[in-house]
Amino acid sequence: LRTPMNATMGMTAMLLVTELDEEQREYADLINQENHHLLDIIDKILNYSRYTKESFVLKSLDFSLRDLIYSITDQYQTKATQSNLELRYMVQNDVPELLLGDANCLSEILKHLLDNAFKFTKQGFVSLTVNLSAYLPQEKLYCLRFNVQDTGIGIDKDKQQSIFDAFNQADNSRVRQYGGIGLGLSLSARLISLMKGVIWLESEVNQGSTFRFTAYFKESELI
């Protein structure tokens, strides 16, 4: 699936550096935008298929949570500036410097939640915070709580639970306006369950949303 899409995107990029009149460039820009949108959908579907297989297991590698958070928020800084939104982030001091776990899957979850926050927020801020929820000394396990908050459109209370179902979104009219295929939250919930955590939502219509989730990580042996 990705191979023909990459070819289409490459040829469109080459077309855009040629001499085009205003109408032709408008069409080529639209093709380029939709190519990226379609590739994003393909990536989400393929990732969903991969992560929902019973044979899928999390990796267990040492990583710096703070470096991961700073790297992710840095990627969203331009989007925040372009959208006139404030991007806030904080890792509390009691969170350990090094952890043992699957940094890629954690990054996948946070990016899905941040993508949604930016998509549905037109003014105000988006924030990401991390704090230590518990430490289990016998198992040498840290339970961390992640919070992604926005000041966006919010979600009706009677639709909040269903948004974690695959290919489901809170409101079809908002799907048409904002796009998306309803896989990000379902995929995030699946990965969080593999991390022995839970995800929940606090939201009011036109008052914003806060997605919170817990995840367990082992104590790094490098400490």
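1. Of the 223 residues of the protein, 41% are buried, where buried means under 20% relative accessible area, exposed over 50%, and partly exposed in between, with a 1.4 Å probe and protein chains only. The structure is a predicted model, in which local features need pLDDT of at least 70 and side-chain atom pairs count only at pLDDT 80 or more, while totals for chains, interfaces and linings use all residues. Residues are numbered from 1 along each chain as its sequence is written, and side-chain values use heavy atoms, with hydrogens and water left out.

2. The protein contains six helices and seven strands; these are DSSP runs numbered from the N terminus, with helices being H or I of at least four residues and strands being E of at least two. Their order along the sequence is α-α-β-α-β-β-α-β-β-α-α-β-β.

3. Along the principal axes, a box of roughly 70 × 40 × 35 Å holds the C-alpha atoms. Among contacts with a separation of 6 or more, 70% join residues 24 or more positions apart; a contact means heavy atoms within 4.5 Å.

4. The accessible surface is about 12800 Å², and carbon and sulfur atoms contribute 50% of this area. Such areas come from the Shrake-Rupley method with a 1.4 Å probe; for residues, only the protein chains shown count as cover.

5. Where does E26 lie? E26 belongs to helix α2, which comprises residues 22-51. E26 is exposed, because its relative accessible area is 54%.
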